[in-house]
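Morning, everyone. Please have a look at the model on the screen, and then I'll walk you through it.

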Amino acid sequence: MWQKQICILALVLVTILADRAAGQSAGQAPRIGLLAWSSCEGDVPGGGEFDPFVRGLVELGYKPGESIIIECRSAGRRYDHLAVAAAELVQIPVDVIVSSSEPAGRSAHRVTDKVPIVTIVSGDPVAAGLAQSLAKPGGNVTGASYYATELTAKRLEFLQELLPGITTVDVLSNPDVAYLPFENDAKQAAGRLGITLRIRLVRKPEELDNAFSTMELARAQAVFVLPDLMFAWEGERIAALALKYRVPSMAWGTWFTEVGCLMSYSARYDEMQQRLAFYVDRILKGAKPGDLPIEQPTTFDLSINLKTAKALGVQVPETLLLRADKIVE
Amino acid sequence: MTIDDTPVQLRRSLFRKYFTALFATVVVLLVANGIGDAWFGYRDQRAMLDAVLRSEAASAAAQIGSFLDGIKDQLGWTVQQAWDAGTEGQHRLSALGALRQVPAIISIALIDAAGSERLFVSRVELNRMASGVDRTADPAVAGARSVSTWYGPVRYSGGSEPFMTMAVAGNRKAAGVAVAEINLKLIWEVISSIRVGQTGHAFVLDQPGRIIAHPDISLVLRGADEQISAAMRRLRDELVESSGRAITTENAAGKTVVMAMAPVRGVDWMVFVEQPLSEAFAPIYRALWRTGALLLVGATSAAMLAYWLARRMTRPIRKLEEGADRIGSGRFDHRIVIATGDELEQLANRFNRMAGELAISQERSERIARLKRFLAPQVAELVEKAGDDGVLSGQRAEVVVLFCDLRGFTAFSAHAKPEDIIQVLGDYYKAIGATITKFEATLTSFSGDGVMVLVNAPVPCPEPAIRATEMAIDMQSAVQGLVTRWNSRRYQLGFGVGIAMGPAAVGQIGYESRVEYTAIGSVVNLAARLCASAEDKQILVDAVVAQALGDKVLHVALGARRFKGYDEQMTVYGIRY
């Protein structure tokens, strides 16, 4: 009689222990929330957009799905959905939110000031209110800076060097990110360089066609693309349009020249995204995001597409060729 | 005499002494050896560690030095040409080339001989061509002019990024000076690739003690932290004090590490290499553990061996102890068996011999004791001294037999009180006994008041007849004294003696422990009849005794009497005393 009771008791104990063990192993793996702009597709959730980051994690020894769980929410290429996606991530909940652009980082920061956010910022995080200083951010945001704003003037200078005698530059700007200082930086730089700017506001990819045809009519000498997520994902279209309307194009990312834009001057975006993995690693090991300094870029790549240059009949000066870090032929 | 039987307290048992001696010998040697090993091993390892760390530091410093030299070399190319007219393009190309070759250079400014800035190219800022800015007062320009390669102090851009100004002057004044801004973050790649052991690493401090390169770049980007700088300066001072040997200290993260440092040539920077103490000392700890384990094993083995050996050595001694105990308590048949073939075996054999002899001696004592029952003490002693108890053995001897008893004892004992009877007998035997002892005769038996005494057996004596007769006279006088007293108490008692001499068989008769020494023969009967026939105060002797007495003792013939058991009448003589 009592043997039966012992058996039942043993069974119950074993079940409880197994349940606790299972619960422990699953509950212990930290969750990383990826705030994606375009989509969450990939072998690993968000692996497409965040490929360098995931590679960085793997290099540090993490196994997605085993030692860490990666959650991803996408804004579907809509700025107003960034906040929604960020809020979803916070709800899950995740131990750290990772994003690869300043608008995403800002949206996440608006949603939470407790969950650590590791992000790429475009320029001055202090001015953007995301951190108190580069050396000691202080809040829940840290990451790497892209220098997008600082380099704006340099990009215009390169454009001027490429096309000596240029007087007017048409600028593609997305009003959805008007709060970012790119437009102002460009205007100031243009003033110093003696160039006139014409701002073309483009909100949706469909409007690009229109913008370029307008530019052609206005005899644009060059088009300067301001940093923006929508533009970033429309690289091919912009390059094709620039080629179609025979306008030299200058962008802020190397992937533009790879798909046909004439020139770009950029920090190493992939390296920075990979660096974010290091921040996530430190945070998961207990560091406070406010104590991790925001890194600034160390290397910048000047990239020139010689095929496009030839197609547009642009003679690239020797000094620029010497200076260029990547030549696409 | 009582023997003190309390066992002697074993204050220091032999077993314990042996065990301790054996164990201590082995263990002391082991421990001494182990400690020696450990000490010297530690010293050697420490020295090796020092050497390794210092060489790592030197190598790291060399790598940093090469990095800086690389930059210097590239900058050197930009001050090859003099600033003659028309050379702006070439200068521009060489400056851009330097930018291309050295990612660490953020900007280059070319200054001509007059100190005016001719060219400024930057990766981030807008370029300047022939700005004409007078940079004579710039410490970089002045420095380069004096020491051909000038390194500025480290500063933090934006409070976070470490930068340094480097200025290189051409080999002639006309070539001017190149002033470059160097992003020191690129030293990070050099530093992070430096591995010390498995988990050790290197880092670089500038003169004020700020970390300018560290595998964990966030430590660098924290900017100038006075607390950390002060701690770092302390570390540097410690290392300077130790005059180059590696020191054991706590690093910035609070971990205990072994540290060494080496200077970077050209700039006043120090490269520190650190290795966690646990890793650095791992071989030492392993060796110590090994030694400890061996010591333990050795000590245990020594203990077991010592125990076993001591047991073996003390076992014979214990056997001796037990044996002596047993023998001492009377078990003389116990034999101690020790077969070790050494002195202990000899001792055991001696003990055994002693036990055997004790057994023999005990037997003899018993026999002598038995002798004393029959013989007068003096005779017994004589026999004992002679060591011959064969006196009691059965033989044929010419003996003198004396019988005596109290006249009227039967009647007396019929109506006297038992206490009086015993009292009378007690006095009687006291008197008789004293006489027998005095004359060294042998009391063979007594029953009630009748006593039989033998002379000339078991120990022969000279003139036994005379001795017996004199003894009888002595008896009479002694007992008559008692008779007088008894008569005063109205005991009607008398005393008579009969003595006969002749051959008899003497020896012990009886069975087991109930054995008596006696004589068998007609002489005994005769003596008994003579005694029965004697009246109070009378001593009757037979013809043989009378003849033996001769003239020595007065005696008178009392005629012939017929005795039961004898066919013829015998002449009986009485002793005159």
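**Where the chains touch**

The contact takes 20 residues from chain A and 23 residues from chain B (contact: C-beta atoms, placed from the backbone, within 7 Å). On the chain A side, α5(A) gives the most, with 5 residues. Helices here are DSSP runs of H or I, at least four residues, numbered from the N terminus. By class, that side of chain A has 8 nonpolar, 5 polar and 7 charged residues. Nonpolar means Ala, Val, Leu, Ile, Met, Phe, Trp, Tyr, Cys and Pro; Asp, Glu, Lys and Arg are charged; the others, Gly among them, are polar.

A word on the source. This is a predicted model: local features need pLDDT of at least 70, side-chain atom pairs count only at pLDDT 80 or more, and totals for chains, interfaces and linings use all residues. Residues are numbered from 1 along each chain as its sequence is written, and chains are lettered from A and ligands numbered from 1 in the order in which they are written.

Now one helix. Where does the kink in α8(B) lie? At T314(B), about 30°, shortly before the proline P316(B). That bend is the angle between axes fitted to the seven residues ending there and the seven starting there. P316(B) is also buried, as are A306(B), A310(B), G323(B) and I327(B) (buried: 20 or more other C-beta atoms within 10 Å of the residue's own). After α8(B) comes G330(B), with a positive phi near 110°.

Technical notes: Two residues are in contact if their C-beta atoms, placed from the backbone, lie within 7 Å. Helices (H or I, at least four residues) and strands (E, at least two) are DSSP runs, numbered from the N terminus. A residue is buried if 20 or more other C-beta atoms lie within 10 Å of its own, exposed if 12 or fewer, and partly exposed in between; C-beta atoms are placed from the backbone.
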